[in-house]
Each structure stands twice: as C-alpha cells, then as structure tokens.
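Me: Please take me through this structure slowly, giving the general idea behind each feature before the case at hand.

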Amino acid sequence: MPSPEAHLNKADRDIKAYQAIPPEYPEWRAAALFYAAVHFVEALAVTEQSPHVEHSARERWVRKQHPTIWAAFSRLKQESEKARYLTLRAYAVDADWQQGAFSLSPEQVDKQLYRGCVIQIRDYVRARVQAAPAAKLKL
C-alpha cells in the first residue's frame, strides 16, 4: 500500500501533467485533475487507515467521512467521465455541467475544476495528513 506521502507526490505529479497539457485539450486537463484528486483523497484514506481500490468505495467513504470535499470530488469525477467517455460539445459560457457531453472551456477547467475543486481538496487533505500522528501515517 503506498504511503500518504507517495499519494501526495503522485497528486502533485498529476497537477504538473494538467499544467503541461495544452489548453486546447480541456477534456484531458480535466481528467488529469480528477486523478490528482483521487491521490489526494487516497493520501487521506491511508492516513486514516481506510485505503480504497475501487472508485465506488472511495466515493462512499468521501461522502460519509469527509462531506466537506464531497461536492468538489464528485464534480471532478463527473467531468472526468464526460471527458473520457462522451463527445465534446461547443463551449458554453453557462454550460450545465450535470448534463450531456463535456463542454467546459479551458478557462472554466482552470477556474472551476482546478482552482475551485482541486485546490479545495488539496488544502483539506494536506491539513489533515500533516496533523496526523506520525505513527498513524506509517511513512
């Protein structure tokens, strides 16, 4: 089982991948952000001795144990699934992100998904992982 530190490092690497993907591919930038969020959440899960292998178990755990970040995590998952499995739709300023195909512009991905969701999850997780007793972390 990877340590919390390994998950945090992988999340940071996924964010670097997001930043390296050209803006004309917002769907792949969204997917990279979701995987960063997965590793942030898993860092917290390992810290709390509750690691997950399946997405569904992870989602239930976040929703129940960490509702503060549930909306952000859920949004990233939804957009990532649209990006990976559905077609693109012309960018809309007020796109309804709960409906249909991936439609976020590069600016929306940055503002809503990165700054709005990933940063929230990152800060929440880092505060809890750093506050955990060293013996609990198993580093």
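Me: How do the helices H1 and H2 run relative to each other?

Reply: Two packed helices are described by the angle between their axes and the distance between the axes. Here H1 and H2 are roughly antiparallel to each other, because their axes cross at roughly 170 degrees and come within 8 Å, and angles over 145 degrees count as roughly antiparallel, under 35 as roughly parallel, 65 to 115 as roughly perpendicular and the rest as oblique. The axes are lines fitted to C-alpha atoms, for helices over the stretch in contact, with angles running from 0 to 180 degrees between N-to-C directions. Contact means heavy atoms within 4.5 Å, and among the residues that meet across this pair are Leu8, Ala11 and Ile15 in H1 and Leu33, Ala36 and Phe40 in H2.

Me: What should I know about the model and its numbering before going further?

Reply: This is a predicted model, in which local features need pLDDT of at least 70 and side-chain atom pairs count only at pLDDT 80 or more, while totals for chains, interfaces and linings use all residues. Residues are numbered from 1 along each chain as its sequence is written, and side-chain values use heavy atoms, with hydrogens and water left out.

Me: How many helices and strands does the protein have?

Reply: Helices (H or I, at least four residues) and strands (E, at least two) are DSSP runs, numbered from the N terminus. By that reading the protein has 6 helices and 0 strands, and 47% of its 139 residues count as buried, where buried means under 20% relative accessible area, exposed over 50% and partly exposed in between (1.4 Å probe, protein chains only).

Me: Which residues of H1 are buried, and where do they lie around the axis?

Reply: The arc to consider is that of the directions from the helix axis to the C-beta atoms. In H1, Pro4, His7, Leu8, Ala11, Asp14, Ile15 and Tyr18 are buried, and they cover an arc of only 115 degrees around the axis, which puts them on the same side of H1. The face turned away from this buried side carries the exposed residues Arg13, Lys16 and Ala20. Glu5, also placed in H1, counts as partly exposed at 49% relative accessibility.

Me: Which residues are buried in H3, and what covers them?

Reply: In H3, which comprises residues 55–65, the buried residues are Arg58, Glu59, Trp61 and Val62. Seen down the axis of H3, they fall within an arc of 165 degrees, so they line one face of the helix; what covers them includes helix H2 (26–47) and helix H4 (70–85). Arg58 has a relative accessible area of 5%, and, leaving aside its neighbours within four places in sequence, Arg58 is in contact with Val38, Val41, Glu42, His52, Val53 and Phe73.

Me: Which residues touch the most other members of the largest nonpolar core?

Reply: In soluble globular proteins, nonpolar side chains tend to be buried together. A nonpolar core is a set of buried Ala, Val, Leu, Ile, Met, Phe, Trp, Tyr and Cys residues joined through side-chain atoms within 4.5 Å. Of the 35 residues in the largest one, Leu33, Phe40, Phe73, Leu76, Ile121 and Val125 touch the most other members. The elements that give two or more residues to this core are H1, H2, H3, H4 and helix H5 (106–131), and the largest share, 12 residues, comes from H2.
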